[in-house]
Amino acid sequence: MLLEGIRIIDFTRLLPGPYATLRLADMGASIIKIEDPPHGDPARYMGLQIGGTGAVFLANNRNKTSVVLDLKDAQDLERAWALIQAADVVIEGFRPGVADRLGIGYAKASVLNPEVIYCSLEGYGRQDPMSAMGGHDLNFMALSGVLSLLPDAQGHPVMPHIQWADLLGGIAACEAILAALVARGQTGRGQYVEVAMADVLSGLLTTHVLVEQATHSDHGLDELNGSRVCYHLYSTEDGRDVALAALEQKFWANFCTAVDRPQWVAEQFAPAVAHNPVYDAMVNLFASRSWSAWKDFSQTVDCCLTPVMTVGEASTRFQQTAHSAVWDMDSPAAGTARQAWTFAGGAKPDAGRIHTAPPPLRPKTE
């Protein structure tokens, strides 16, 4: 495992921080999760419960050890300091200044352990005017501009069913920690890294901010936003959907040849609007066959066509392929808990410790 021997003290809760340390755990790091008495991480009891434990907790806390500490208690604070002294990495997800007030901020940690990598995972960042404000995934998406890029037919933003800011914030924190570990390997010194989830989302807009400056359009590149016939979502005969992304001319030509429409080859970037004859004809073509038929077509014609799968269908596919990206793990709390592998570049999830279930909450011992 790539991070075997790396010890991480995790003061985070809910989703962003635990997802970051889940990724590091999947790479082999040892994660000590610090939880408040008496109930621990709110993800244990919020939202959907599976076997009496929250689904968000079960999904994002495998391969971790739980330690219950009351950081307002002098003895428990000393225990936290001892853990920080022996750590390679500390990660916290409090609002700016809270970790310092609790006695576990970077100023204290760097004295206890000059080689420690200390990551603060925040909503808006301490330099932002909203730094002290509470916020969640939807707020960060809204403020960053990303939510406006997910519109409905009337141009209003849709409510995403996946927590983009939380998950991408966790990925960015993981990335920053790994970079800091590399730097420490070169210099022997630890350092402080700050990751703000709103900034992480803004960083996704590298193309969009330039296009907006040049064209005053907030919709990004027309070739990639569904406004061209070659790069679009189409509905099938049975009300399902498929995704066509034939950007390169060769893929578009393959598609046109396979559906016996050679006259469309010159119309690759025709607008995907009603009453455009090519678009109307493509809509009718996709609606003339079932989702299953187009799925079979996508596996035989090299044209960047894929079926739009549900989470359940995608999970089944991953379980049946060599990726092994989704698997069922035995969990004392939930029986069988389905898990998704976070790290594409390492050992497969059937390798040893990857099956360690999310830890139970043990009562704080005096």
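Colleague: In this predicted model, which residues lie nearest the centre of the second largest pocket?

Modeller: The second largest pocket has a volume of about 1,100 Å³. Its lining is made up of 31 residues. Those that lie nearest the centre are L149, L150, P151, L224 and N225.

Colleague: Which elements each supply at least two residues of that lining?

Modeller: The lining of the second largest pocket divides into 19 nonpolar, nine polar and three charged residues. Two or more of the lining residues come from each of these helices and strands: α7, α9 (206-215), β9 (231-235) and β10 (241-245).

Colleague: What is the volume of the largest pocket, and which residues are the closest to its centre?

Modeller: The volume of the largest pocket is about 1,400 Å³. Its lining comprises 35 residues. The closest to the centre are I162, L167, V311, S315 and A340.

Colleague: How do the residues lining the largest pocket divide into nonpolar, polar and charged?

Modeller: Elements giving two or more residues to this lining are α1, α2 (55-60), α7, α13 (311-320) and β13 (335-340). By residue class, the lining of the largest pocket holds 25 nonpolar, eight polar and two charged residues.

Colleague: Are α1 and α7 oblique or roughly perpendicular to each other?

Modeller: Helix α1 covers residues 16-26 and helix α7 covers residues 164-187. Their axes come within 8 Å and cross at roughly 50°. An angle from 65 to 115 degrees would count as roughly perpendicular. The crossing angle of roughly 50° therefore makes α1 and α7 oblique.

Colleague: Is the crossing of α1 past α7 left-handed or right-handed, and which residues make the contact?

Modeller: The crossing in which α1 passes α7 is right-handed. On the α1 side the contact is made by P16, Y19, A20, R23 and L24. On the α7 side the residues are D166, L167, G170, I171, A173, C174, I177 and L178.

Colleague: How many residues of this contact of α1 with α7 are nonpolar, polar and charged?

Modeller: R23 of α1 and D166 of α7 are among the residues that make the contact. The contact of α1 with α7 divides into 10 nonpolar, one polar and two charged residues.

Colleague: Why are α6 and α7 described as roughly perpendicular?

Modeller: Helix α6 spans residues 137-144, and its axis is 7 Å from that of α7. Angles of 65 to 115 degrees count as roughly perpendicular. The description therefore follows from the packing angle of α6 and α7, about 85°.

Colleague: Which residues of α7 meet α6?

Modeller: From α6, the residues taking part are D137, F140 and M141. The contact of α6 with α7 divides into four nonpolar, no polar and two charged residues. The partners in α7 are W164, A165 and D166.

Colleague: Where is the residue that has a positive phi although it is not a glycine?

Modeller: The residue is D260, with a phi of about 60°. D260 is placed in the loop between α10 (249-258) and α11 (277-286).

Notes:
Residues numbered from 1 in each chain as written. Predicted model: local features only at pLDDT ≥ 70, side-chain atom pairs only at ≥ 80, totals over all residues. Heavy atoms only, no water. Axes fitted to C-alpha atoms, helices over the stretch in contact; angles between N-to-C directions. Helix = DSSP H or I, 4+ residues; strand = E, 2+ residues; numbered from the N terminus. Parallel < 35°, antiparallel > 145°, perpendicular 65-115°, else oblique. Left-handed = near helix turned anticlockwise from the far one by under 90°. Contact = heavy atoms within 4.5 Å. Nonpolar A, V, L, I, M, F, W, Y, C, P; charged D, E, K, R; others polar. 1 Å grid on protein atoms, 1.4 Å probe; cavity = no way out; pocket = protein on both sides within 12 Å on 5 of 7 lines; lining within 4 Å. Points joined across faces, edges and corners; volume = space filled by probe spheres on them.
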